[in-house]
Amino acid sequence: MPLRSRLALTASLLLCATLLAGCGLAGDTSPDAAEPGTWRPASGASAARIAGSAQVGPTTGHAPPPVVAPAGPVHIKRHPGVDCAIAKCVALTFDDGPGKYTEGLLDLLARENVPATFFLLGQNVQQYPHALQRMVTEGHQLGSHTFTHPDLTTLPPERVADELESTNEAIRKITGFAPDTVRPPYGAHNGATDRLIHDPLILWDVDTLDWQHHDPARTVSVAMEAVRGGSIILLHDIHKTSVQAVPELIGRLKGQGYSLVTIDELFAGTELSGGQALTRRPVGGQA
Ligand code: NI
């Protein structure tokens, strides 16, 4: 082969090798390349897809994430291999926020790779749009806790409907979608309210009474005494002492073999209907 041809061939081979290496590198750093069975906070393109058309008001100082896909209630499946019908699952739920401790809690949950479900007060969400956006992009679930935290059983039907609709609207304005579960304040509901609530009512079976005693150690011990497979644990992210309890609580739950999941994940594979009240998911056929 003449020298000129050999040089041309060598150059072509080098070019191909460079291109292939480039392709391989791009594949290895894809934000979607998570191991099955593990979870990490969504970032980059993944986060943008999950966030959908999330919007933030001009006064927040936070730029909205890029819009990549239509908005919708997309929940990350962090435990795709876990079947909460038979496994020991537990859902951490936080009521009455968002508040000034919520983002600190989100930092803790991200570090621990633990999803939670937040039952939000409509009257609080406008003040903390960035917290809501983080909840969505980091794979947590959002639920409604009404707008002003009334006892719904004391209200006329139109006020009940207004509490629910105004909360959905406030959340939709920030995240692009309305929540699809409701936690009535005080867990108070009756036949009349159940007919007006078109989403499942998510109550709890483990009440830490964190809002009453403000003692992180007691929050942990009360929860650990009462928890069992399929439990829903009630906490409040508006109290510093409740957030302080979370690392120890997560450590103890993980130590006892619990999978920490969202409400959607806890009830995955079951049919839930509007107005149906749930306090936990029965596991392995237990009541
Ligand atoms: Ni509440």
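In α3, the residues G104, L105, L108 and E112 meet V243, V246, P247 and I250 of α10. Please bear in mind that this is a predicted model. By class, this contact of α3 with α10 comprises six nonpolar residues, one polar and one charged. The two helices pack at an angle of about 10°, and their axes lie 9 Å apart. Because an angle under 35 degrees counts as roughly parallel, α3 is described as roughly parallel to α10.

The crossing of α3 past α5 is left-handed. On the α3 side, the contact is made by T102, E103 and L106, and on the α5 side by A131, R134 and M135. By class, the contact of α3 with α5 has three nonpolar residues, one polar and two charged.

Finally, I return to α10, which spans residues 240–255 and includes K254. Is K254 buried, exposed or partly exposed? K254 has 15 other C-beta atoms within 10 Å. A buried residue would need 20 or more and an exposed one 12 or fewer, so K254 is classed as partly exposed. K254 and V90 are 164 residues apart along the chain, and their C-alpha atoms are separated by 10.0 Å.

Thank you for your attention.

How values were computed. Residues are numbered from 1 along each chain as its sequence is written. This is a predicted model: local features need pLDDT of at least 70, side-chain atom pairs count only at pLDDT 80 or more; totals for chains, interfaces and linings use all residues. A crossing is left-handed if the near helix is turned anticlockwise from the far one by less than a right angle, and right-handed if clockwise. Helices (H or I, at least four residues) and strands (E, at least two) are DSSP runs, numbered from the N terminus. Two residues are in contact if their C-beta atoms, placed from the backbone, lie within 7 Å. Ala, Val, Leu, Ile, Met, Phe, Trp, Tyr, Cys and Pro count as nonpolar, Asp, Glu, Lys and Arg as charged, and the others, Gly among them, as polar. Axes are lines fitted to C-alpha atoms, for helices over the stretch in contact, and angles run from 0 to 180 degrees between N-to-C directions. Angles under 35 degrees count as roughly parallel, over 145 as roughly antiparallel, 65 to 115 as roughly perpendicular and the rest as oblique.
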